[in-house]
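Hi everyone, thanks for coming. Let me put the structure up on the screen, and then we can walk through a few of its parts together.

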Amino acid sequence: MLRFARMFCFSICLTVVPTLALAQINFTQTIVPSGDSSVDGIVAGDFNNDGILDLVTVNEHSFSFYKGLGKGRYAAPVNQGINDGNVGQVVAADFSRHGKLDLAVLPLHIGTMLFFGGVDIYIGNGDGTFTKGESLDVGQGAMSIAMADFNGDHLPDLAVSACSQPGTPPCNTQIFLGDGGGSFTRGATLPDGGGPIVAGDFNADGHQDFAVVSGDKVALYLGQKTGGFASPIFANLSGVVSLAVGDFFQTRIQGLVALSSTHTSEGGYDTQLHTLRYSGGSLLIRGLNILQTNASIPYQQVTAGDLNGDLLDDIFLVGVDPLTSNGQVAGAFLGKGNGNFIGPQQIPTFTGPVFPFIRDLDGDSRHDVALAWTQFSNTGGAPNDGGIEVLQNTNTATNCSLPPANQLVVRICAPARNGQVVGQTFTFVGSGSAFNGIAKRMELWIDGKKVAQNLEDQLKATVTLTRGNHVASFVVVDSFDNHTAGSVSFTAAF
């Protein structure tokens with residue numbers, strides 16, 4: 001049905017497929033072509049400062065800006081030609097402190113083929129277009145990128161995993177520290193890298209860490225107050241193709257999932273999921289979940305977030321047929337809060353899905369999924385189309401709708417007003433948005449004491465109170481540890 005509908009699109013086509021029933025989660029699927037021959041990266045942000053999240057893709061020959069119209073709808077893309085070509089993974093933040101989102105873009109690599117290059121910076125113009133900035137030289141090929149504040153100045157920094165060829169030493173991870181003016185200076189160069197890289201605070205000390213795949217191991221580098229890193233901690237895992245960060249153990253401390261894919265003697269692929277967490281100086285592997293055995297289309301990328309509104313982190317996986325690029329697979333696995341998952345819920349997606357991420361794109365407090373796609377010719381040849389796919393979550397529990405996406409701001413949903421009278425036990429509800437990055441944490445403080453937190457943009461906490469007048473403060477923290485708060489006074493009477 002989807003392919004039939006697309007036959008009548010002569011330039012830009014928007015196709016909305018009816019709701020897909022997936023047991024616990026229903027999605028409405030939206031497909032928007034970019035107008036370019038392939039799409040290799042995708043990122044969300046409010047690129048035109050209207051308070052609504054937009055999407056940007058990096059394509060073979062262009063950037064595409066998909067203006068968010070609200071309620072899960074997107075305008076036809078506005079394309080900007082770029083000279084670099086062969087661009088891949090992309091991240092967005094306000095690198096130059098001018099109140100507009102900028103981009104950092106990696107070169108594209110496919111299998112063992114790497115288009116050599118570093119990281120290109122594009123400065124946002126505030127209307128979904130970008131001006132080329134500096135290029136960060138990594139001395140070899142940039143493979144993967146992570147963004148965080150590594151030196152504690154509340155400015156975006158970059159960690160770049162690089163290699164001479166995919167899987168071929170020498171490989172390393174290079175840290176580039178942002179100066180707030182759109183430029184970066186080289187910081188530490190660390191000896192492990194070459195594979196996927198992610199950032200997070202894995203030991204909950206307030207300093208940003210990173211984990212990177214390096215050969216047959218995952219290397220965890222714990223950040224230090226000075227902006228340096230401690231000696232690496234290793235977990236031996238082979239064939240890891242993707243990492244994701246989330247609170248998988250309900251500890252309010254970030255952990256990891258590692259997705260591995262290995263080729264079988266029968267000609268298929270075995271894919272497995274490992275859950276990792278830092279504890280007592282070690283990187284512990286929690287169990288082994290076998291996802292697919294001798295599959296022709298393996299899961300290849302994983303992302304994490306709360307999909308069903310229970311404040312437990314779930315995962316979403318996609319894969320593409322590595323031989324023809326015509327087949328695909330996608331699945332949602334629901335977190336149990338103990339490092340294990342229930343699933344999969346198989347999810348229909350369009351052709352060639354890559355770079356999925358979970359985020360509340362329409363502000364209704366339900367988390368959605370967005371990803372890029374590339375369609376290849378019927379013979380599995382060159383790419384001939386690409387664009388965005390948005391899976392809008394339509395049936396899971398709601399909590400607190402988001403405030404506008406163009407600022408770091410809190411919305412308080414309960415208590416609903418100053419002076420509200422509540423009982424001995426009350427459920428506090430709030431949400432937060434962040435312009436420069438994402439809202440990575442919500443905190444609840446009662447009378448100056450922190451009583452709850454959640455590592456996403458939603459907070460729901462039931463608290464037992466003492467009689468009398470109180471003040472509840474809701475705090476939102478962004479990717480770079482900037483924060484703001486909103487407060488409400490209330491009275492507990494019982």
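**A walk through the model**

Let's start inside, with the largest nonpolar core: it has 23 residues, and the ones that touch the most other members are F428, L444, L465, A472, F474 and F490. Before I go on, please keep in mind that this is a predicted model.

Where does this core come from? Two or more residues each are given by strand 34, strand 36 (425–433), strand 37 (439–446), strand 39 (458–464), strand 40 (468–478) and strand 41 (483–492). Strand 37 provides the largest share, with four residues. There is also another core, lying apart from that one, with 18 residues that include V119, L136, V138 and L158.

Now to the cysteines. How many disulfides do we count? The answer is two disulfides.

If you are new to these, a disulfide is a covalent bond between the sulfur atoms of two cysteines.

One of them is formed by C163 and C171, with the sulfur atoms 1.7 Å apart. Are these two cysteines buried or exposed? C163 is buried, because its relative accessibility is 0%. C171 has a relative accessible area of 18%, and since buried means under 20%, C171 counts as buried too.

The other disulfide links C400 with C413, at an S to S distance of 2.0 Å. Its torsion about the S-S bond is about 75°, so this disulfide is right-handed. What does the pair tie together? C400 sits in the loop between strand 33 (383–393) and strand 34 (409–414), while C413 is in strand 34 itself, so the bond connects parts that are 13 residues apart in sequence. As for burial, C400 is buried at a relative accessible area of 1%, whereas C413, at 29%, is partly exposed.

Please look for an open sheet of four strands, in the order 9-10-13-14, with antiparallel pairing. At its edges are strand 9 (87–93) and strand 14 (130–136), each of which pairs on one side only. On average, neighbouring strands here are turned by 25° against each other, direction ignored.

Let's zoom in on one pairing. Strand 13 (residues 119–124) and strand 14 run antiparallel and are joined by five bridges. Which residue stands opposite F130 of strand 14? That is G124.

How values were computed
Residues are numbered from 1 along each chain as its sequence is written. This is a predicted model: local features need pLDDT of at least 70, side-chain atom pairs count only at pLDDT 80 or more; totals for chains, interfaces and linings use all residues. Side-chain values use heavy atoms; hydrogens and water are left out. A disulfide is a pair of cysteine sulfur atoms within 2.5 Å. Buried means under 20% relative accessible area, exposed over 50%, partly exposed in between (1.4 Å probe, protein chains only). A nonpolar core is a set of buried Ala, Val, Leu, Ile, Met, Phe, Trp, Tyr and Cys residues joined through side-chain atoms within 4.5 Å. Two strands pair if DSSP finds at least two bridges between them. Axes are lines fitted to C-alpha atoms, for helices over the stretch in contact, and angles run from 0 to 180 degrees between N-to-C directions.
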